Amino acid sequence: MASVKQIQVTFDCAEPERVARFWCEVLGYVVPPPPEGFATWDDFNRALPPERQGSAFACIDPSGVGPRLFFQRVPEGKVVKNRLHLDVRVGTGLVGEERLAALEAECARLVALGAVRGRLLPADDDNESCLLMQDIEGNEFCLD
């Protein structure tokens, strides 16, 4: 049986490049080089049929460790809660006020990028605090 070597996380969205660039900023990801034969992604995009132009974009972890993120344009808007979400791990190993301060600092940075702050889930007997948030198209994620 073959083992999985890599995964890609795919987002349905209205504006793939805009959402991809947001997540690049959130995660420290980068836009990969354009396909061979194209100097830029704009050159590649212009070579596509009009109905496919701007229909997809991707970003990658420059270290090669994290999954590739792929963003594809879909005609419908988001209507219900995500069944899958990303946890952005900024407070790993921190507890109490120190953890809350790290979450709040990252939240402020992401809100400046266009994210929307949701509610704080306070620590309980099983879990540390985390902040519920939304990206620039309303996809839920957690600052954990």
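## Group meeting talk: a first walk through the model

The protein has 3 helices and 7 strands. Keep in mind that this is a predicted model. Start at the N terminus and read the elements off in order: β-α-α-β-β-β-α-β-β-β.

Now the overall dimensions. Taken along the principal axes, the C-alpha atoms fill a box of roughly 55 × 35 × 30 Å. There are 144 residues in the protein, and buried residues make up 30% of them.

Next, charge. I count 15 positive and 23 negative side chains. How far apart do the centres of the two sets lie? The answer is 4 Å.

Asp124, Asp125, Asp126 and Glu128 form it. Look at glutamate 128 in particular. You will find glutamate 128 in the loop between β5 (116-121) and β6 (130-134). Its relative accessibility is 35%, so glutamate 128 counts as partly exposed.

On to the salt bridges. How many are there? The count comes to 8 salt bridges. I will show you some of them.

First on my list is arginine 18 with glutamate 15. Their closest N and O atoms are 3.6 Å apart. Arginine 18 counts as partly exposed because its relative accessibility is 41%. Glutamate 15 is partly exposed too, with a relative accessible area of 40%.

Then take aspartate 43 and arginine 46. Here the closest N and O atoms of the salt bridge are 2.5 Å apart. Where do these two residues sit? Both are in helix α2 (residues 41-47). They are 3 residues apart, so about one helical turn separates them. Are they buried or exposed? Aspartate 43 is partly exposed, at a relative accessible area of 28%. Arginine 46 is exposed, and its value is 55%. The cut-off for exposed is over 50% relative accessible area, so arginine 46 passes it.

My next pair is glutamate 140 and lysine 78. Their side chains meet in a salt bridge, 3.2 Å from N to O. This pair links distant parts of the chain. Glutamate 140 is in strand β7 (residues 140-143). Lysine 78 is in the loop between β3 (68-73) and β4 (86-88). The two are 62 residues apart. Lysine 78 is partly exposed, with a relative accessible area of 36%.

Some salt bridges also share partners. They join Arg89, Arg99 and Asp144 into one network.

Let me finish with a few single residues.

Stay in the loop between β3 and β4, and find valine 74 there. Is valine 74 buried or exposed? Its relative accessible area is 17%, so valine 74 is buried. The cut-off behind that word is under 20%. What does valine 74 touch? Leave aside the neighbours within four places in sequence, and valine 74 is in contact with Asp12 and Cys13. Now compare its position with proline 33. Valine 74 and proline 33 are 41 residues apart along the chain, and 24 Å separates their C-alpha atoms.

Move to isoleucine 7. This residue lies in the segment before β1 (8-13). Isoleucine 7 is exposed, with a relative accessible area of 56%. Which residues does isoleucine 7 touch? Not counting residues up to four places away in sequence, the contacts are Pro67 and Arg68. Leucine 69 is 62 residues from isoleucine 7 along the chain. Yet the C-alpha atoms of isoleucine 7 and leucine 69 are separated by 9.0 Å.

Last stop: glutamate 106. Its place is in helix α3 (residues 96-112).

To recap the fold, we have 3 helices and 7 strands. On charge, there is the negative patch that includes Glu128, and there are 8 salt bridges. Thank you.

Terms used: Residues numbered from 1 in each chain as written. Predicted model: local features only at pLDDT ≥ 70, side-chain atom pairs only at ≥ 80, totals over all residues. Heavy atoms only, no water. Patch = residues over 30% accessible without salt bridge, like charges linked within 9 Å, V, L, I, M, F, W, Y side chains within 5 Å. Areas by Shrake-Rupley, 256 points an atom, 1.4 Å probe, with all protein chains shown as cover. Salt bridge = Lys/Arg side-chain N within 4 Å of Asp/Glu carboxyl O. Lys, Arg positive; Asp, Glu negative; His and termini not counted. Charge placed at Lys NZ, Arg CZ, Asp CG, Glu CD. Helix = DSSP H or I, 4+ residues; strand = E, 2+ residues; numbered from the N terminus. Buried < 20%, exposed > 50% of the residue type's maximum accessible area, 1.4 Å probe, protein only. Contact = heavy atoms within 4.5 Å.
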